[in-house]
Amino acid sequence: MSLKILVVSASTGNGHVSAAIAITEEAERQGLQARHVDAMDIVTPGFRRWYRGGYETLVRRRPRLWGHLYRGSDRPYFYYQAQTGLDTTFCAPLDRIIERERPDWVVCTHSLPQPRLARIRRRVPFKMAIVVTDLYVHRMWLRGQPDLFFVPQPWSEEVLLRRLPETAGRIHVTGIPVNGAFAHAPTKAEARAAHSMSLDQPVVLMSSGGIGGGPLVDATLDLAATGAHVIVVAGRNEASRQALEHAVMNYENVTVKGHVDQTEMASLMAMSDVLVGKPGGLTTFEALTVGIPFVVYWPFLIPGQEEGNAEFLQELGAGVIVREPNQLGATVNALLRDGDRREAMRVAALAQAKPNAAPDIVRILRAQSEA
């Protein structure tokens, strides 16, 4: 009988869904039955607006408050218990899906469904695996007694073992699953040719994530002053995209894009000399896979989960952190002028890349089922 895998994400950002799709597509390539479910599609509209809308509002307008809530929920007290209760209650529609699908494995790329899945397992047998999509293993990832954990790096495994020593032997360091477009990205020459752009022109790619938060306009103008061609991906934030287009209408060296698919994003990374942005878990591993030097711009960063990702990039030599707005243009300009340093950052990134995360995860699930 073919192994049946249900992959559950939650579209609070692009990364969790991207990882889920990468696993689902890989499972199908290996001849398995696989289905992806976005938990945000099945919860009540009110909870969806509160969960997704509240998150985006806090990240954009009150990032310090979000950081406080993130750190508060990492302890087993009020924030953690309240969120766990809400997650358990409002993910109830998962019951019907599990009962109908009867999967062998349920794989979570977001912590939201875990408490409900733990309850369902009391009456419907299946195994559960967690794909942690940030370097730091927050307490929210520890709910539901999963059978397997897939984590990004050895440091993540160390954090998990300190928090749950009983998980020893159930943790696999695979990296975060990225779309195959990044693993098979074109060369810089190929990508530049596809965009009718000379290899001699310095190119900077900038994104502040799927929700398009942060001071994008000011950052774009600072980067445009370097003389490089600046490509800005505004994500789903239509207001941000329109404000950008208005601000740069007289700049011939700035291109503004809205939401782009992963194939285009991989091509944009491949053609660019430097990436400026926020280090979400998926973006971090996509950049490592392509080998693009990463300038982490602190005003874009989401406090909490992304701080550790930024430090990781800097410590391994694949990225630099710019904390103040007045340092962005100068830092990027210095990198554009220093080809040797960019090459060293590229090599450091590729050394930590894990382009086979999705195939490795599916292979391990199969092996565990056959054991």
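I'll start with the helices over one of the sheets. Helix H10 (residues 216–224) lies across strands S7 (203–207), S8 (229–233), S9, S10 (274–277) and S11, running at about 175° to S7. Helices here are DSSP runs of H or I with at least four residues, strands are runs of E with at least two, and both are numbered from the N terminus. Axes are lines fitted to C-alpha atoms, for helices over the stretch in contact, and angles run from 0 to 180 degrees between N-to-C directions. Contact means heavy atoms within 4.5 Å.

Before going on, the model is predicted: local features need pLDDT of at least 70, side-chain atom pairs count only at pLDDT 80 or more, and totals for chains, interfaces and linings use all residues. Residues are numbered from 1 along each chain as its sequence is written, and side-chain values use heavy atoms, with hydrogens and water left out.

Helix H12 (residues 262–271) lies across S7, S8, S9 and S10, at about 140° to S7.

Now the sheet under those helices. Six strands make an open, parallel sheet in the order S9-S8-S7-S10-S11-S12; two strands pair if DSSP finds at least two bridges between them. S9 (254–257) and S12 (319–322) are the edge strands, each pairing on one side only. On average, neighbouring strands are turned by 20° against each other, direction ignored. S11 (residues 294–297) pairs with S12 in the parallel sense over four bridges, and Val 296 stands opposite Ile 321 in S12.

The other sheet is also open, with six strands in parallel pairing, ordered S2-S1-S3-S4-S5-S6. Its edges are S2 (33–38) and S6 (171–173). S1 (residues 4–9) and S3 (residues 105–108) pair over four bridges, in the parallel sense, and the bridge partner of Ile 5 is Trp 105 in S3. Helix H7 (residues 154–163) packs on this sheet, touching S5 (148–151) and S6, with its direction at about 160° to that of S6.

Next, the second largest pocket. It holds about 280 Å³ of space. On a 1 Å grid over the protein atoms alone, a pocket is an open set of points where a 1.4 Å probe fits, with protein on both sides within 12 Å along at least five of seven lines; lining residues have an atom within 4 Å of a point. Grid points are joined across faces, edges and corners, and the volume is the space filled by probe spheres set on the points. Of the 18 lining residues, Lys 188, Ser 272, Val 290, Gly 291 and Arg 346 lie nearest the centre. H12, H13 (281–290) and H16 (339–352) each give two or more residues to the lining, and H16 gives the most, with four.

Last, salt bridges: a side-chain nitrogen of Lys or Arg within 4 Å of a carboxyl oxygen of Asp or Glu. The whole structure has 18. In one, Arg 123 meets Asp 95, with the closest N and O atoms 2.9 Å apart.
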